[in-house]
Structures are given as C-alpha cells and as structure tokens.
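These are my notebook entries on one structure. I set down what I looked up, topic by topic.

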Amino acid sequence: MPVIIGDAPLSRHDVVQVARFDARVELSAAALERIDAARAVIDALAADPRPHYGISTGFGALANTAIAPADRTRLQQSLIRSHAASSGAPVEREVVRGLMLLRLQTLATGRTGIRRATAELYAAMLNAGITPEVGEYGSLGCSGDLAPLSHVALAAMGEGPVQVERPGAEPHTVETVTMDASRALAEAGLTPVVLAEKEGLALVNGTDGMLAMLCLALADLDRLLDTADLAAAMSVEGLLGTDAPFAADLMALRPHAGQATSAAQIAALLADSPIVASHKGPEDTRVQDAYSLRCAPQVHGTARDTAAHAERVAEVELASAIDNPVVLPDGRVVSNGNFHGAPIAAVLDFLAIGIADVASMSERRSDRFLDPSRSFGLPPFLADDPGVDSGLMIAQYTQAGIVSELKRLAAPASVDSIPSSAMQEDHVSMGWGAARKLRRAIDGLERVLAIEVMTAARGIELREQPPGSRTGRVIERLRQLVPGVGPDRFLARDIEATRLQVWNGSVLQAAGLLERVRSWAADGDHAFQAGRRPAVTATEPTDEGDR
C-alpha cells in the first residue's frame, strides 16, 4: 500500500517505510487543492508592487533588496545553486529519502506556496528511486537544513549528481549508479522544474533532515533497546545472577514506564532458567548482584523513557508546517521562526546520552564474564585453553573503544551555536550535527550489544545447567553462524556475524521479542526479512556543463 501524503500527518513508521524500504507515496486530492489555493495567494503577491520577502525580495541578509519580475526565476534558481554547498562523504540514501518525504509533506499542507507540479515532481522522484547526493556537512539546523534540502531541489531542477538503484549482477542485489540529475529524470520520464516565485525558499526552509534521522533512530532503538534487555538477561543467567530485583512489586515502588518494561522483559526471559533456579537456595550466600546486572532495568528504562519523549517530539514535528514565510489560511504571508531546529536537536542529543549509558553498562557485564575473580567459576577470558588461547579478551577491548567513543558522542551539539548570514542568523541549533552523531552512536550500540550477546552465550554454555528456553533458542540461532567454545579463531568474523543477527532481528525473533518491534520491517508484518539491501556502486560520466 502506498503512503498517502496530505490527509493526515505522517507517522514515524510511515517515514521509515518510505525512507528505508522504498514504499511508494501519493499526494491526496485534498493536498493538491491546498497547494493550488496557497499558490494563488503567492501569484497575487507577485503582482503587488510592494515588496514581499522571498517573493519579490532577496533572502536572509539581502531581504531588503527588491527583485524585478524578470529576475525572479533566476533568483530562485540562484538560491538553490548557491545553497547546495554541502561537503564531505555522501549522506546515507535513507536519510536523503526521509528528508525528501518530509519536505513533500510540508508542501502538502498548503502553507508554502509551492506549485502543484513541483510537489508532484518530488513524489515522482521518490517513487522512481532518484536520490540526490548530499554531503555530510552543510546544515546548521536553523533556517532549516538548508544545504541538504538545496541539493534535493537542485536535482529537481535537473542539476547535480544523483544516485539511482538498478538490479545488480548477483540475485537479490542492487547496483547504485551515480549520474547527472538531468539524465536520471529523463530516464524516469520526468521533466525538471523551473522554479517560480517563493518556490526556492519553500524547498529549503525545513528541519526535514534532522527529523528524518530522528524517525530512523527511533526505529533502530525499538530493536536495540529490546536487544539490550535480552543481552542483560543472558548476562544475568551466565553470571549466576538472580532475577529477584526485576519483580513487578519492586518496580512499582519507582513507577517509571520504561523501567517497568525492561524489568518485565528481563524477568520473562529468565522465568524458566535452570541456571537461575540452581542457585536460589540457601547455599548461595551472595546478598546482591553488581549494579550492571541488578540495575539494568533502571538504565535501559531511562533510555526507553527518553525515546518515548523523543517520539512525542517527533509526532509534533510530523504534524507541523515549517517554512518561512508561511501562507496562512487568511491569505497573509508571514515570516516566522519555526524553522529553528531546537526542539529536535535537544532530543537527538538526549538520545545519544541514553545510548552511551546503555552501552557502558553492557560493556561492564561483558567484562565480568572474562575475569575469573568475578565470573563465578568460568575460565579466564572464557578461553578454551587459557594461556594458549586468549578467548574473548580483545572483544572487550573493542567494546571499550566503542563505549569511549559513545561517551564523546554524548556531548551535546545543541548547546553550540555559530552565527551566520552576516549575523542575521545569529543563533542556530546544530540539530543536523546532533542527528549525524546519533546515527554513529546507534551503530556503536549495536556493536557493543552484539559482543555482549556473543560473550554471554559462551558463558552460558560453560555452565553445568542448561539455559532457559528463550535464551537457549537465542544461542541455538547464534550457533548457526558463530561457533561455540573452542580454540581461538578469527574473532572479528564472529563479532560481525553476531552483529548481523542483532541488526536483522534474528536474536529477538529467537527470544520471542519480535512482536514488540513495529517499525523495523517493510509493511510492518514480515519483520526482519526486509533489511538493508546489499549494494555495489558505480559512477557514470556526468555532463555538468556550466553548473
């Protein structure tokens, strides 16, 4: 089913379906009517001898410069060409598709003054899989994600490089081909747009890039926070911990929703564990477990509650119409500050803090498995032949290096500001930067959790009693790709194979946690079969001319 734009605000799950899984989009009839009505207002103001910002004037610090009617198309085109100034490695395809979709949603509100044909071209580019190349750097997160959105608008004008996916030589693969936008549009049967008054501004004044990355991050955290609970349960089991601290009546004494969710999930995973049951009697003289085991619900739950807050912010943003100036229902065209990215930037930073804390606790649990003074009878470093073999010693080094990086990434970007545009834009959100570091943080968390799952699986297998049914199924699934205890082998391969099972949800599926994750899979029902597609890259010659 296509995602309909214009009848109701998109959900974050809609964004993921289009950005990550290439769901088709359609503009509703009501959206097209709103677009036409707002455009009529702009056309009337374009004929007015009085100046109107972005319609018959320059932009930013040049807002007081009047532009003659004959020069207004060139004004809009010059805006896009000059603002398409990003630099660095290309941003991920799903991010660009997400920001295109969210800009299109704002266009569909009828508050921007765009023409119908321009909005329809954006929808057609998404459906044709034409993805403009956007560099890593270029947005300050105020006046919108200017440079990234300008690269998209440039492609709609038939200029600049884009990427198009084609079937690859191998089955179930795609080939990503880089070509000039004019060629990609022509191959898709699309005509480049010639921008009219106000359209350049309407295409670039939005916080769409950072919001797209927030929606994608929330989808990833749906999966990874459940994985963190699974990893913690496996560690409690493998380290002869107790499930007593996870009892519902204890959680009710401090009724945070996220904490209760994680505690219930960990307790359920351990409910039938013979290992846990084996040391519940009076022969076990330990009073309480270490914090990294006992307090897992509190830390994981904090990250859950942070994600819930971020989701509420995303819902508000997804129901917003962000442009400057905006066309109001009474026909006024008014400048405003809604393009400032502060609301999104703050929660992007907030999520990075929670991620760093969850990963830090995960690394501490892994480390306990490797130290015979704290692992309650396990061999040093879980090695097959300690001394000859190093076991998982360096896997913890890898975790520690990532956790250290995550702590640096947790430093907020949103408290920084560098004035721009001749001091007209004298306070900016840096939300794009907050979103970029959050994506790196999510990748790091995935890797740290994978190493804990791998470590805990080996520790559990070294116990005399069998694991519980759900954690046991996780280990069985893992062993399809990652061998168990044995002489040292190429460990990076095992880490990557485990990470892939965390990434594609196999471990959650084995643990019976798959149904909790709604937004990871295409169409929402065949969960982790969709995944990111393997790709190869190719570059075709481009004819940039005088661009």
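Is Cys215 buried or exposed? I find that Cys215 has a relative accessibility of 0% and therefore counts as buried, where buried means under 20% relative accessible area, exposed over 50% and partly exposed in between, with a 1.4 Å probe and protein chains only.

**Basis of the entries.** I note that this is a predicted model, in which local features need pLDDT of at least 70 and side-chain atom pairs count only at pLDDT 80 or more, while totals for chains, interfaces and linings use all residues. Residues are numbered from 1 along each chain as its sequence is written, and side-chain values use heavy atoms, with hydrogens and water left out.

**Confidence.** I looked up the pLDDT, the predictor's confidence in each residue from 0 to 100, and found a chain average of 91, with 93% of the residues scoring at least 70. Over residues 518–547 the pLDDT is below 50, and this stretch has 74 contacts in the model beyond near neighbours in sequence, a contact being heavy atoms within 4.5 Å.

**Cysteines.** I searched for disulfides, defined as pairs of cysteine sulfur atoms within 2.5 Å, and the structure holds 0 of them. For Cys215 the closest cysteine sulfur is in Cys142, 20 Å away, which is too far for a bond. I also checked Cys295, which is partly exposed with a relative accessible area of 22%.

**Salt bridges.** I counted a salt bridge where a side-chain nitrogen of Lys or Arg lies within 4 Å of a carboxyl oxygen of Asp or Glu, and the search of the whole structure gives 42. One of them joins the side chains of Arg12 and Glu311 at 3.2 Å, N to O. This pair links distant parts of the chain, since Arg12 sits in helix α1 (residues 12–21) and Glu311 in helix α14 (residues 296–318), 299 residues apart; helices (H or I, at least four residues) and strands (E, at least two) are DSSP runs numbered from the N terminus. Arg12 counts as buried at 5% relative accessibility.

I next looked at Arg365 and Glu452, whose side chains meet in a salt bridge at 2.6 Å, N to O. Here too the pair links distant parts of the chain, with Arg365 in helix α15 (residues 342–370) and Glu452 in helix α17 (residues 431–461), 87 residues apart. Arg365 is buried at 0%, and Glu452 also counts as buried at 0%.

I then recorded the salt bridge of Asp71 with Arg74, whose closest N and O atoms are 3.6 Å apart. Asp71 is partly exposed at 32%, whereas Arg74 counts as exposed at 52%.

**Strands β6 and β7.** I found that strand β6 (residues 161–167) pairs with β7 in the antiparallel sense over 7 bridges, where two strands pair if DSSP finds at least two bridges between them. Glu165 stands opposite Thr176 in β7. The two strands form a hairpin with 6 residues between them, and His172 in the turn has a positive phi of about 65°. Of the 7 residues of β7 (residues 174–180), 6 are buried, so this strand is largely enclosed by the rest of the structure.

**Gly110.** I placed Gly110 in the loop between α4 (93–107) and α5 (116–128), and it is buried at 5%. Leaving aside neighbours within four places in sequence, Gly110 is in contact with Arg34, Ile35, Ala38 and Val327.
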